[in-house]
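Dear colleague,

I am passing on a structure that I have been reading through, and I would be glad if you looked at it alongside these notes.

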Amino acid sequence: SSSNSNNDNNDNNNSEEMDEDTALWIKWRDDQFSIQLQHYRNFVSYWMERYGGHDDRRVFFSYEGLISEDTGVVETMRLASFLEGGIRANVVDMVSKGTT
């Protein structure tokens, strides 16, 4: 019976520790949210401005679409085709400049 009460105490202690850890994580997450969101906005803005008007030089797809059983194969092929075109263009550019 005393071993049961020790287990109960351990369970309560673990539960309290997890609650404290969870509370610390939530506080950290909430403190970081605005900062990280601004970093992401800056990241997206940089790439959108750099390649604005050059839709042939960028491709858009969602992570969910890429891993989906329904659309993943099509999205993967679209990405592969885009990358292949970029590699081909770089090779042609290198050959024309004589840098190969």
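In what follows, a residue is called buried under 20% relative accessible area, exposed over 50%, and partly exposed in between, with a 1.4 Å probe and the protein chains only. Please bear in mind that this is a predicted model, in which local features need pLDDT of at least 70 and side-chain atom pairs count only at pLDDT 80 or more, while totals for chains, interfaces and linings use all residues. Residues are numbered from 1 along each chain as its sequence is written, and side-chain values use heavy atoms, with hydrogens and water left out.

As to the overall fold, the protein chain holds three helices and zero strands, where helices (H or I, at least four residues) and strands (E, at least two) are DSSP runs numbered from the N terminus. Along the sequence this gives the pattern α-α-α. Of the 100 residues in the protein chain, 5% are buried. The chain exposes about 8900 Å², of which carbon and sulfur atoms supply 55%, the areas coming from the Shrake-Rupley method with a 1.4 Å probe, and only the protein chains shown counting as cover for residues.

Turning to charged pairs, a salt bridge is taken as a side-chain nitrogen of Lys or Arg within 4 Å of a carboxyl oxygen of Asp or Glu, and by this rule there are four. One of them joins Lys-27 to Asp-31, with the closest N and O atoms 2.8 Å apart; these two residues are separated by about one helical turn because they stand four residues apart in helix H1 (residues 2-50). Asp-31 is partly exposed, at a relative accessible area of 45%. Another links Arg-29 with Asp-30, the closest N and O atoms being 3.0 Å apart, and here Arg-29 is partly exposed at 39%, as is Asp-30 at 45%.

Helix H3 (residues 72-97) holds both Arg-88 and Glu-84, four residues apart, or about one turn of the helix. Arg-88 forms a salt bridge with Glu-84, the closest N and O atoms being 3.2 Å apart; Arg-88 is partly exposed at 48%, and Glu-84 is partly exposed at 46%. The end C-alpha atoms of H3 are 37 Å apart, which agrees with the 38 Å that its 26 residues should span at 1.5 Å a residue, the expected span being 1.5 Å times one less than the number of residues. Just after H3, Gly-98 takes a positive phi of about 70°.

For the aromatic rings, those of Phe, Tyr and Trp (its six-membered ring) pair if their centres lie within 6.5 Å, and planes under 30 degrees apart count as stacked, over 60 as edge-to-face and the rest as tilted. The count comes to three aromatic pairs. Tyr-46 and Trp-47 have ring centres 4.9 Å apart and planes at 85°, so this pair is edge-to-face. Tyr-46 is partly exposed at 43% relative accessibility, and Trp-47 is partly exposed at 36%.

Trp-47 also belongs to the lining of the largest pocket, whose other lining residues include Tyr-40, Phe-43, Arg-57 and Phe-82. H1 gives the largest share of that lining, with five residues.

With best wishes

Definitions and conventions: 1 Å grid on protein atoms, 1.4 Å probe; cavity = no way out; pocket = protein on both sides within 12 Å on 5 of 7 lines; lining within 4 Å.
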